[in-house]
Amino acid sequence: MKVIVVGAGVVGTMHAWHAVERGHEVVHIEREAEARGASLRNFGQIWVSGRAGGEELDTALRARELWEGIGARVPGLGFRAIGSLTPVRNAHELAVAEAAVARPDAAARGYKLLTADEARAVNPALRGAFEAALWCERDAAVEPRLAQLALREALLATGRYTFLPNREVRDVVGESAVRDDLGEVHAGDAVILCTGAWLSGLVREVAGEIPVRRVRLQMMQTDPLGEPLTTSVADADSFRYYPAYASEALDALQAARPQDPTAAAHKMQLLMVQRLDGGLTIGDTHEYEHPFAFDTLEDPYEHLTRVVESFLGRPLPKIRRRWAGVYAQCVDTSRVVHRQRVRDGVWLVTGPGGRGMTCSPAIAETTANELGW
């Protein structure tokens, strides 16, 4: 069987991975020299803790299992089973953490409520003031700037994988075939369009208007911290953002302690992961209204810096990089991703939202299973 995959972000690359793993030949087409979108501009978190119960959590847990297995075979991914801590600072935030630990699926997530001293034993870099912390043992991390490159190197070594960069697919022709902007036709037994936030052009032509929106974010990365940050770290604003934390306790938090004005204006939460070089990836904001701004704003960065420094109890290292990114998010909250057969032999897979890095191995596995690979 021959599979044509369009788009070399993490979702497309994982579709290529599963096809090759099952003995098939893959032609992988990317419109740039390499992927440059949301698959690189993220935390690299395998983020189980905040996922909605049911299909979303099941997908994240399966993906976490797959990431660990792939990471053992492809060390260049930088897979680390580091878990996460969400420090809480007052009774209302603590109540939300307690409600999370009381969920029937808490054990599957690896939830545990830690005292401040217990949290510092897990992550000694957290020297700031907080009362307790929600621990999620199942969270993990990979290196987003390296993951697709490492996977591609492993795929090339199989001899059943061809990567074609700097080609934009312009047309779907016949069954299971596409034409690129060089005029070359690539035919196979299945075509998987993993186009990320590219929702116009070819996608609109073959799929029409789909229930997927584009979301813009801002993030930053520091110089090396100079010490290990042994877990990823979130703040209690993540309780307001992720569906796993919905509860009466969260309603009470929202009513009693409104979000910081800057954080509220930019729909923010803190997430922080240490890179293999010691730097910290920190974010993020969420912008939903089009047209998106073309520049980055300083207020969100200043807010994130204050929050991080309050947890670390020390100044943040120099900011080395700032960036903005755009990802595609399915607006149907009952679905992890938008998966649609758009022509005979042609499927569109897009819109995982902020779940793309976490869930991509399981999303691709589901596609492979549904198509009978």
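How do the residues of the lining of the largest cavity divide into nonpolar, polar and charged? They come to 3 nonpolar, 1 polar and 3 charged. Here Ala, Val, Leu, Ile, Met, Phe, Trp, Tyr, Cys and Pro count as nonpolar, Asp, Glu, Lys and Arg as charged, and the others, Gly among them, as polar.

Welcome to this predicted model, where local features need pLDDT of at least 70, side-chain atom pairs count only at pLDDT 80 or more, and totals for chains, interfaces and linings use all residues. Residues are numbered from 1 along each chain as its sequence is written, and side-chain values use heavy atoms, with hydrogens and water left out.

The lining of the largest cavity consists of Glu34, Ala35, Leu40, Arg145, Gln148, Leu149 and Arg152. On a 1 Å grid over the protein atoms alone, a cavity is a set of points where a 1.4 Å probe fits but cannot get out, while a pocket is an open set with protein on both sides within 12 Å along at least five of seven lines; lining residues have an atom within 4 Å of a point. Grid points are joined across faces, edges and corners, and a volume is the space filled by probe spheres set on the points.

| Space | Volume | Lining by class |
|---|---|---|
| Largest cavity | about 40 Å³ | 3 nonpolar, 1 polar, 3 charged |
| Second largest pocket | about 290 Å³ | 7 nonpolar, 2 polar, 7 charged |

Of the 16 residues lining the second largest pocket, Asn90, Glu93, Ala236, Asp237 and Arg240 lie nearest its centre.

As for the whole protein chain, its C-alpha atoms fill a box of roughly 60 × 40 × 40 Å, taken along the principal axes.
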